Amino acid sequence: MEYRDAHLNGSRPGEAALRVLAALEAAGGEAWLVGGWVRDALRAAPSHDIDMCSSLPWPEAARALAAAGIGVIESGTRFGGITAVADGVRIEVTTYRVDGFYGDGRHPDEVRFSTSVEDDLARRDFTVNAMAWHPARGLLDRYGGQADLAAGVIRAVGEPRLRFSEDALRILRAVRFACRLGFELEGATAAAAAALAHTLDAIARERVGAELGGILATGRGAFALRSCPEVIVAAIPELAAARGFDQRSPYHVHDVYEHTACVLEAVETADRAPSAALRWAALLHDVEKPATFTVDEEGRGHFFGHPERGERTARTIMRRLSLPDHLIRDTCLLIRYHDEPLQDTPASLLAQMRRFSGAGVDERALMDNLFDIKRADALGKAPACFSYVDEIERMRTRVHGLFDAGAAWNLKTLALNGRDLMRAGVEPGPRIGRLLDEALTAEISGAVPNERGALLAHLGLR
Ligand code: ATP
Ligand code: MG
């Protein structure tokens with residue numbers, strides 16, 4: 001095949017992409033690889049998909065692909081997009097476009113197609129995403145994308161305020177790309193993002209949720225909080241009160257917002273890879289601190305009830321952002337119990353495991369996450385609290401031991417069930433439930449091991 005040896009900075013687009021490109025050009029069109037693949041190839045980083053743009057109107061592109069035996073899905077034809085499926089690989093192909101005026105701050109009122117790739121690059125969001133590459137014609141970099149990649153900056157193509165007012169989602173995309181690539185926002189782009197952050201209101205909440213999840217998934221959420229606070233609190237208005245909120249506590253050297261960033265950072269830099277629930281819990285664990293703040297006679301700040309209220313508020317926020325139910329459930333459990341005092345005893349730890357048990361919960365994973373957030377919370381306070389970390393790690397080890405030894409923390413894990421009790425002569429009825437509870441309570445307290453015979457004996461049934 002033609003172009004087989006062509007590469008950009010050592011990256012080859014693959015046979016499927018070359019087939020799609022050749023089919024479009026055989027039909028008289030022009031086609032380029034564009035966007036993420038070009039950016040990632042120049043960074044010598046792997047890319048997860050390939051986007052192409054072409055001069056052919058989409059029905060012609062679809063015909064050309066079909067004639068070459070390539071599958072076509074009419075995925076976004078309103079905006080000139082189709083998906084080519086070649087050798088099982090999906091490639092987005094969009095017709096060159098000049099976007100029209102964006103009345104709603106998100107979707108162009110009209111889509112005008114173009115015959116020039118330059119027009120298509122001009123409508124793209126950031127310089128590093130606005131480069132095109134062709135295996136014969138090479139790299140097309142009209143906006144200094146390579147220089148910005150080298151300098152590590154995310155810069156809007158054109159006038160940043162204009163580009164963000166066309167589509168406010170780009171504000172969150174800017175933060176996400178900066179986090180993902182470990183870049184800074186260029187000065188004017190950063191200033192426009194902060195000034196126009198309030199326009200995120202026009203964006204569908206699930207899009208905001210997906211971008212925030214994307215930001216957290218980069219592992220640089222703390223950087224986002226610190227470098228773009230206006231954007232973060234525009235996306236989650238409930239966090240606004242945390243900014244600059246003085247905790248008046250000897251345990252805290254930071255305001256609530258900076259403490260949140262510290263906790264997220266501790267989670268993101270820990271040896272254990274954080275779960276999504278742990279990241280969201282770190283972000284939202286103290287969301288209700290400002291609203292629960294009281295000062296005692298000595299002038300010290302307290303936040304009674306902030307975990308319970310925080311759990312409810314986090315659920316409201318996460319539902320609004322259309323995040324998945326299991327993520328909301330685990331995040332809310334972590335927030336609810338992040339401040340729960342635990343002791344390094346089987347009774348205290350099993351009781352916490354019992355509080356966690358519920359439909360679909362992985363108690364072992366969640367207990368680890370609870371220690372992770374407690375550890376991060378301690379590290380985000382004052383240096384005097386750092387020693388608590390050792391105690392947390394001791395508790396973690398003990399919990400692993402309890403799991404490995406087959407201890408019970410709920411009726412499901414108890415080595416005794418209703419059938420055992422009936423076999424031992426107990427009549428079916430409410431007494432069965434009471435006896436099982438009694439056995440579980442005794443096992444959790446350490447009075448009896450999790451063994452059927454011992455549990456029956458404890459109940460006086462053997
Ligand atoms: P990823 O690796 O996450 O797929 P990507 O750069 O390919 O990164 P996509 O969301 O797949 O990102 O978008 C493909 C390209 O389309 C981008 O590189 C950018 O050029 C353009 N683009 C996407 N969304 C927008 C937008 N909201 N405004 C302007 N251009 C956009
Ligand atoms: Mg892409």
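This is a predicted model: local features need pLDDT of at least 70, side-chain atom pairs count only at pLDDT 80 or more; totals for chains, interfaces and linings use all residues.
Trainee: How much space lies in the largest pocket, and which residues are the closest to its centre?

Mentor: On a 1 Å grid over the protein atoms alone, a pocket is an open set of points with protein on both sides within 12 Å along at least five of seven lines, a cavity is a set where a 1.4 Å probe fits but cannot get out, and lining residues have an atom within 4 Å of a point. Points are joined across faces, edges and corners, and a volume is the space filled by probe spheres set on them. Here the largest pocket holds about 1200 Å³, and D51, R97, R123, R124 and R173 are the closest to its centre among the 36 residues that line it. Elements giving two or more residues to this lining include α2, β2 (50-54), β3 (71-76) and α9 (205-217), with helices (H or I, at least four residues) and strands (E, at least two) taken as DSSP runs numbered from the N terminus. The most comes from α7, with six residues.

Trainee: Where does ligand 1 sit, and which residues around it are the closest?

Mentor: A molecule sits in a pocket if more than half of its atoms lie within 2 Å of the grid points, and ligand 1 sits in the largest pocket. A residue belongs to its surroundings if one of its heavy atoms lies within 4 Å; there are 15 such residues, of which R39, N129, D167, R170 and R180 are the closest. This shell comprises one nonpolar, four polar and 10 charged residues.

Trainee: Which atoms of G36, D125 and R180 lie close to ligand 1?

Mentor: A polar contact is read as a pair of N or O atoms within 3.5 Å. A backbone N or O atom of G36 is 3.4 Å from an oxygen atom of the ligand, one of D125 is 3.2 Å from a nitrogen atom, and a polar side-chain atom of R180 is 2.7 Å from an oxygen atom. Of the 590 Å² of accessible area (Shrake-Rupley method, 1.4 Å probe) that ligand 1 has on its own, the protein covers 81%.

Trainee: Which residues line the largest cavity?

Mentor: Rolling a probe the size of a water molecule over the atoms shows where empty space is left. One cavity of 30 Å³ or more is counted, with a volume of about 50 Å³. Its lining is L212, I215, L216, L225, I232, I236, W280 and L283, that is, eight nonpolar, no polar and no charged residues. The largest share, three residues, comes from α9.

Notes: Residues are numbered from 1 along each chain as its sequence is written. Chains are lettered from A and ligands numbered from 1 in the order in which they are written. Side-chain values use heavy atoms; hydrogens and water are left out. A polar contact is a pair of N or O atoms within 3.5 Å; within protein, one must be able to donate a hydrogen and the other to accept it, and residues adjacent in sequence count only if both atoms are side-chain atoms. Ala, Val, Leu, Ile, Met, Phe, Trp, Tyr, Cys and Pro count as nonpolar, Asp, Glu, Lys and Arg as charged, and the others, Gly among them, as polar.
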